[in-house]
Amino acid sequence: MPARDALQCLKDGNERFVSNVRSHESLANEARRMEVAAGQEPFAIILGCSDSRVPAEIIFDQGLGDLFVIRVAGNIVAPSQVGSVEFAAERHGTRLVVVLGHSQCGAILATIDELKRPTTNQSRNLHSIVDRVRPSVEPLLRTELRNDPDALVRDAVRANVRVSAGHLRHGSEILEQLIAREGLVVVGAEYSLDTGVVDFFDGVP
Ligand SMILES: [Zn+2]
């Protein structure tokens with residue numbers, strides 16, 4: 001499925017989710033399970049946050065076999081995430097990648113806290129996540145936003161999505177080739193915890 005059509009499927013699915021017209025029960029039944037047991041052809045790759053309130057299949061109203069989902073706190077891009085996207089795009093021919101951030105993301109809040117009041121006892125593993133978010137947040141703390149906590153978080157969430165999407169577009173030779181020659185598209189989006197709406201705001205074709 002071309003990237004543009006895949007994007008439309010996600011937009012339509014999110015609209016169904018928001019308007020409470022749910023169909024995912026019909027997409028996760030036994031017949032569908034048998035159908036996809038033989039092989040998968042996901043139409044979109046989602047790199048989203050692990051936050052329990054943002055499950056990709058539910059908010060896009062999709063079923064078994066539809067989405068190839070990678071979830072990690074703060075939807076950061078480390079080598080294993082790049083590798084997962086490369087794998088899905090090459091193996092399954094998936095042509096749309098969505099980096100999906102969300103409002104009030106805990107990883108962003110933790111990074112802002114850490115930058116304002118550095119701690120020394122944070123676990124090294126947790127630190128590796130904060131370190132990946134830090135470059136998107138740090139410049140914002142040098143602007144007037146530092147005095148407006150809500151606006152700071154909002155901008156930081158989007159900046160972090162843009163950085164992750166940019167990293168996927170330029171941090172892998174395989175993905176660069178797929179973008180240049182095979183119509184692969186990487187877009188950035190934000191999910192609102194309050195409204196349930198996904199806003200595709202970065203790199204939309
Ligand atoms: Zn999050």
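**Exercise 1. Disulfides.** Determine how many disulfides there are, taking a disulfide as a pair of cysteine sulfur atoms within 2.5 Å.

*Solution.* Start with the kind of model: this is a predicted one, where local features need pLDDT of at least 70, side-chain atom pairs count only at pLDDT 80 or more, and totals for chains, interfaces and linings use all residues. Residues are numbered from 1 along each chain as its sequence is written, and side-chain values use heavy atoms, with hydrogens and water left out. A disulfide is a covalent bond between the sulfur atoms of two cysteines. Under the distance rule, the count is zero disulfides. Next, look at the setting of two residues, where buried means under 20% relative accessible area, exposed over 50%, and partly exposed in between (1.4 Å probe, protein chains only). C105 is buried at 2% relative accessibility, whereas C9 is partly exposed at 28%.

**Exercise 2. Strand 1.** Find which strands pair with strand 1, and say whether its residues are buried or exposed.

*Solution.* Strands (E, at least two residues) and helices (H or I, at least four) are DSSP runs, numbered from the N terminus. Two strands pair if DSSP finds at least two bridges between them.

1. Strand 1 covers residues 44-48, and five bridges join it to strand 2, in parallel. One of the bridge partners is L67 in strand 2, for A44.
2. Strand 3 (residues 96-102) also runs parallel to strand 1, with four bridges. Here I46 stands opposite V98.
3. In a regular strand the side chains alternate between the two faces of the sheet. In strand 1, A44, I46 and G48 lie on one side and I45 and L47 on the other, and all are buried.

**Exercise 3. An aromatic pair.** Classify the pair formed by F68 and F87.

*Solution.* Rings of Phe, Tyr and Trp (its six-membered ring) pair if their centres lie within 6.5 Å; planes under 30 degrees apart count as stacked, over 60 as edge-to-face and the rest as tilted.

1. The rule gives two aromatic pairs.
2. F68 and F87 are 6.3 Å apart, centre to centre, with 45° between the planes, and form a tilted pair.
3. This pair links distant parts of the chain, 19 residues apart: F68 belongs to strand 2 (residues 67-71) and F87 to helix 5 (residues 79-92).
4. F68 is buried, at 15% relative accessibility, while F87 is partly exposed, at 38%.
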